[in-house]
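My notebook is open and I want to work out how this chain is put together.

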Amino acid sequence: MLPNVGDVFSGKVVSTVPFGSFVEHPAGAHGLLHGRQAEVGASVRVKVLAVDAEQQRFSLELA
């Protein structure tokens, strides 16, 4: 289940890539925190910027 645009939640960083970090939503989906390298396992508070239901992905910013 994907979150809605504007939702704010605390999630765990599950992986990092050169262009950002993937954060796990409490429902289990992973979203991209673009441009931020966070330590895997860290808890971050984020806000959902955009949701692409067709591709089953969403983008995040720090809240």
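Predicted model: local features only at pLDDT ≥ 70, side-chain atom pairs only at ≥ 80, totals over all residues.

**Entry 1: the whole fold.** I found a closed barrel of five strands, in the order β1-β2-β3-β5-β4. The pairing around the barrel is mixed. I also looked up how the neighbours sit: on average, neighbouring strands of this sheet are turned by 50° against each other, with direction ignored.

**Entry 2: what it's built from.** How many helices and strands does the protein have? I counted zero helices and five strands. Read from the N terminus, the elements go β-β-β-β-β.

**Entry 3: β1 with β2.** Next I followed the pairs. Strand β1 covers residues 8-17 and pairs with β2 in the antiparallel sense, over five bridges.

**Entry 4: β2 with β3.** Strand β2 (residues 20-24) runs antiparallel to strand β3 (residues 30-34), and five bridges join them. Which residue in β3 is the bridge partner of glycine 20? I looked, and histidine 34 is the one. β2 and β3 make a hairpin, with five residues between them. In that turn I checked glycine 28, and its phi is positive, at about 110°.

**Entry 5: β3 with β5.** Now the other kind of pairing. In which sense do β3 and β5 pair, parallel or antiparallel? They pair in the parallel sense, over two bridges, with β5 covering residues 57-62. Here I noted leucine 32, which stands opposite serine 59 in β5.

**Entry 6: size, surface and contacts.** Back to the protein as a whole. Along the principal axes, the C-alpha atoms fill a box of roughly 25 × 20 × 20 Å. I looked up burial too: 30% of the 63 residues count as buried, where buried means under 20% relative accessible area. The protein exposes about 3,900 Å², and carbon and sulfur atoms supply 50% of that. Last, I checked how far apart in sequence the touching residues are. Taking contacts between residues at least 6 apart in sequence, 47% join residues at least 24 apart.

Terms used:
Residues numbered from 1 in each chain as written. Heavy atoms only, no water. Pairing = 2+ DSSP bridges. Helix = DSSP H or I, 4+ residues; strand = E, 2+ residues; numbered from the N terminus. Axes fitted to C-alpha atoms, helices over the stretch in contact; angles between N-to-C directions. Buried < 20%, exposed > 50% of the residue type's maximum accessible area, 1.4 Å probe, protein only. Contact = heavy atoms within 4.5 Å. Areas by Shrake-Rupley, 256 points an atom, 1.4 Å probe, with all protein chains shown as cover.
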